[in-house]
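Subject: Structure for your review

Dear colleague,

Please find below the structure that I am handing over to you.

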Amino acid sequence: MILKDIGMVAAPSLRSKAYIQALVNHKLYPSYVILLEDNYSNCKPEHLLIDNAGFYSSKQKKHVFNQLNNPYFKYDENMVETLKTHDVSFEVCRHTDINSKEFIQVLKNRPESFFIYSGYGGTILRKDVLSCGKRFIHIHSGKLPEYKGSTTIYYSILNEGQCFATVFFIDEQIDHGEIIKIKKYPMPTDGENIDYVYDSYIRSDALVETIKEYAKQNHFVSCPQKGESEIFYIIHPILKHIAIISCKQK
Amino acid sequence: MTILYEYSKGNRLENPHSYMYTHYIGEKFLQIFLKSRENCIKKIGFSYNEKELLSHIYFILKQSISDETYDIQGLLKRFKNNEKIQTKVFFEEIALLILNSQKKEKILLYPLLNDFCKKYEISKKLFSKYLRRDEKLKPESKDYSDLTIYTLLSFCLLHYHKCFFNLRFLNCSLKINDMLCSRVTKIVKENDLVKLTFYANLVLEKQIIDDLLEIKRIKL
């Protein structure tokens with residue numbers, strides 16, 4: 001099914017691969033995909049790992065790379081090839097700053113009303129892009145409104161022994177927009193691959209369920225977030241280790 | 001090959017770690033962390049039990065605070081009234097209240113601690129003066145070198161976590177303690193309040209991590 005009113009903005013990342021593959025595997029085809037990079041054809045999976053300023057030794061990189069083998073999505077499948085194989089229209093956009101005037105114009109030129117957003121991590125969509133007439137759908141790996149911010153999947157494992165993904169419309173505040181869907185997931189059996197695999201998987205799964213419901217109803221049902229909540233900041237490696245080891249213990 | 005606890009390597013006040021996408025090493029990492037902290041505890045050279053330690057800290061704080069009228073409501077009022085905040089004095093008062101209050105009163109300190117927790121998480125620095133305007137803390141000084149304010153905030157966050165299990169506060173405290181451990185050679189030359197609170201933080205932090213490991217049934 002071609003989703004006439006839904007496009008996607010995708011940065012080169014494992015998350016974007018997980019999203020696109022999950023959608024096409026369920027025969028849900030975005031009308032148009034804007035790829036935020038110009039080197040997709042050369043982009044090898046290991047380049048998609050986010051390096052930590054030289055912290056990873058080559059042995060560690062190899063170890064992380066080995067973690068990418070997973071039952072959820074093909075980490076080594078080229079995104080352009082996936083799109084071509086499934087006849088999904090796309091463009092490679094050279095304006096990689098989604099808040100730039102040029103990029104906003106690219107969006108304005110598109111007829112789709114909704115864009116699934118899988119941009120670069122840490123980028124905040126500013127007022128100009130949010131008021132360009134499109135609505136952006138984001139999937140957060142935490143239960144909203146309770147778990148806003150960064151690395152909430154680990155905090156959720158420590159606090160509740162389970163994981164969540166929340167699909168919502170982006171607004172100007174962090175993880176604050178109207179919620180479309182919240183889905184609960186078990187803790188992964190292998191916590192080591194959370195950053196690169198399980199986090200992407202649960203987001204992509206919640207996205208597919210949301211889009212399936214949209215396809216049935218031809219509209220999104222959303223509601224504003226209720227209640228006060230606080231923002232979580234990047235988890236300390238000790239707490240992260242305890243969370244990961246607790247997954248392995250299960 | 002010995003793996004160093006890199007989060008306390010060098011001078012983490014001037015070169016803070018971003019903590020982004022930290023690598024999973026395994027249970028060995030928890031041992032490396034505990035060993036690194038143990039070394040810092042040894043360098044401070046105290047051997048007080050918890051009661052003695054807190055009693056010493058209380059005594060120093062009490063001497064330092066000249067205003068006899070301080071209380072939680074007064075502190076909250078000043079925080080809301082957009083007054084200038086002398087960070088060290090402010091944290092001394094919070095620490096004293098943490099040591100000297102019932103649980104139902106301690107919980108009222110949450111907004112104060114939360115604002116400073118955010119400040120540290122974002123900038124990895126705490127300045128000697130702040131002004132609270134439009135419900136936001138803005139630095140009123142460029143001086144972020146006073147280690148007392150870091151040890152005191154970490155002290156308050158850890159004690160609050162101990163009482164209410166707040167992982168956000170524990171997270172921030174772990175990062176502050178990483179930074180302080182990177183400055184341990186400077187801390188040993190500091191005044192008693194800095195040394196005692198730093199020592200108390202590492203002792204309590206170890207208890208908290210041990211408890212968390214037990215809850216999660218992780219044996220090292």
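The notes that follow take up the contact between the chains and then some individual places in each chain. Please keep in mind that this is a predicted model.

The interface

Chain B contributes 36 residues to the contact and chain A contributes 32 residues. Together the two chains bury about 3300 Å², and 67% of this area is on carbon and sulfur atoms. Three residues, B:Tyr21, B:His23 and B:Tyr24, account for 27% of the area that chain B buries against chain A, which is more than any other three residues supply.

As for polar interactions, there are 13 residue pairs in polar contact between chain B and chain A, counting pairs with both residues at pLDDT 80 or more. On the side of chain B that touches chain A, the elements that give two or more residues are α1 (27–44), α6 (110–123), α8 (167–182) and α10 (192–215) of chain B. Of these, α8(B) gives the most, with seven residues. By class, this side of chain B has 20 nonpolar, seven polar and nine charged residues. The salt bridges between chain B and chain A number two. In one of them B:Arg168 is paired with A:Glu230, and the closest N and O atoms are 3.9 Å apart.

In chain A, strand β1 (residues 2–10) and β2(A) pair in the parallel sense over six bridges. Within this pairing, A:Leu3 stands opposite A:Pro30 of β2(A). Strand β2 (residues 29–35) of chain A is largely enclosed by the rest of the structure, because seven of its seven residues are buried.

A:Ala18 belongs to helix α1 (residues 14–25) of chain A. Its relative accessibility is 2%, so A:Ala18 counts as buried, the limit being under 20%. Leaving aside residues up to four places away in sequence, A:Ala18 touches A:Phe73, A:Ser200 and A:Ser204.

Chain B: a loop residue

B:Asp146 sits in the loop between β3 (136–139) and α7 (147–164) of chain B. With 25% relative accessibility, B:Asp146 counts as partly exposed. The side chain of B:Asp146 is joined to that of B:Thr148 by a polar contact of 2.6 Å. B:Asp146 and B:Glu38 are 24 Å apart in space, C-alpha to C-alpha, and 108 residues apart in sequence.

Backbone geometry

Most residues other than glycine have a negative phi, and most peptide bonds are trans.

The peptide bond from A:Leu144 to A:Pro145 is cis, and its omega is near 5°. A:Pro145 is placed in the loop between β5 (135–140) and β6 (148–149) of chain A.

A:Asp87 is not a glycine, yet has a positive phi of about 55°. This residue is in the loop between α3 (79–85) and β3 (90–92) of chain A, and at 70% relative accessibility A:Asp87 counts as exposed.

In chain B, B:Asp134 likewise is not a glycine and has a positive phi, of about 50°. B:Asp134 is found in the loop between β2 (129–133) and β3 of chain B, and is exposed, with a relative accessible area of 63%.

With kind regards

Key
Residues numbered from 1 in each chain as written. Chains lettered and ligands numbered in written order. Heavy atoms only, no water. Contact = heavy atoms within 4.5 Å. Buried area = accessible area lost by both parts, 1.4 Å probe. Salt bridge = Lys/Arg side-chain N within 4 Å of Asp/Glu carboxyl O. Polar contact = N/O pair within 3.5 Å; in protein donor to acceptor, adjacent residues only side chain to side chain. Helix = DSSP H or I, 4+ residues; strand = E, 2+ residues; numbered from the N terminus. Nonpolar A, V, L, I, M, F, W, Y, C, P; charged D, E, K, R; others polar. Buried < 20%, exposed > 50% of the residue type's maximum accessible area, 1.4 Å probe, protein only. Pairing = 2+ DSSP bridges.
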